[in-house]
Amino acid sequence: MDRALPAGADYSPAMEFNRVPGPSTLALWGGSPDWYAPVMTVLKGGHWIVVGATGGLGSAISRILAQEGARLTLSGRNQDKLEALAQELGGAVVGTIRADLSIPAGPAAIAAAAQCDTGVDGIIYAAGVVAFGPLGELDDDTFDEVLLLDFVAPVRLLREMLPQLNAGSVVVHLSAVVAETPMKNMAVYSAAKAALSGFSTAMGAELRRHKVRVLDVRPPHTDTGLHTRPVAGQAPPLGTAHGVEAVARRIVQAITDEEKDLPAAAFTDL
């Protein structure tokens, strides 16, 4: 059962952590007390959803989670790549789902595929696209695609996943350094990532009393190859890229260390 903090007690990291059993405490929102016993994020044996699993960071994070003993539901756009990654990770993968995140049915399909008796302990949203060029050169289709994939889709996904989130779960949104320092000729991409960061902050506050953490990650330029596959334009010089493996490990460290914010500066010493 959920346990309330004793009257007058203050939270301390030294307190004993207990994972609340069952698929979710969120179903009890209507009548739940304001405080639950603090709970830790579960990696080993936990059920994790990785969206954008076949991308550079998504696949690297998936591999680390698998090494830590997590059970993974993987989602991506390319079925062949999904199957290849699932085969590589073997028994760690409990399911795969190909989904079009540009439409409402995409996040809903992921949520449906993730349903299980043990609930969900974490969501990694690592999907996204980038567009380059002056605003006047971006057509409506490009504008819509960037906003849908980089902002609207993770919002829809979290809304669909709320009933499945266990107490102690974490939602990880991969934003970007441009959320902190917007760049010219990347205005729409910068705005979409800034919107995702703002949403993450607001949802972190909204879900805090339910012991669900939202981690906003704003990595610097990382060698994922995304900049070589823009939906429009051509990438400007972006400087030296950080290695994917190092960035992925720093993100997983933030998950296990119970961090709530991971700005670009957190990757400086990698």
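A crossing of two helices is called left-handed if the near helix is turned anticlockwise from the far one by less than a right angle, and right-handed if clockwise. By that convention, α1 passes α2 in a right-handed crossing. The model here is a predicted one, so local features need pLDDT of at least 70 and side-chain atom pairs count only at pLDDT 80 or more, while totals for chains, interfaces and linings use all residues. Numbering starts from 1 along each chain as its sequence is written, and side-chain values use heavy atoms, with hydrogens and water left out.

Helices (H or I, at least four residues) and strands (E, at least two) are DSSP runs, numbered from the N terminus. Helix α1 (residues 56-67) packs against helix α2 (residues 79-89) at an angle of about 25°, the axes being 11 Å apart; axes are lines fitted to C-alpha atoms, for helices over the stretch in contact, and angles run from 0 to 180 degrees between N-to-C directions. On the α1 side the contact (heavy atoms within 4.5 Å) is made by S59, S62, R63 and A66, and on the α2 side by L85, E88 and L89.

Turning to α3 (residues 105-114), its G106, P107, I110, A111 and A114 are buried, meaning under 20% relative accessible area with a 1.4 Å probe, protein chains only. These buried residues fall within an arc of 140° seen down the axis of α3, so they line one face of the helix; the arc is that of the directions from the helix axis to the C-beta atoms. Their cover includes β1 (47-51), β2 (71-76), β3 (93-98), β4 (120-125) and α4.

Helix α4 (residues 140-161) contains T142, which is buried at a relative accessible area of 8%. Neighbours within four places in sequence aside, T142 is in contact with A131, V231 and A232.

Technical notes. Buried < 20%, exposed > 50% of the residue type's maximum accessible area, 1.4 Å probe, protein only.
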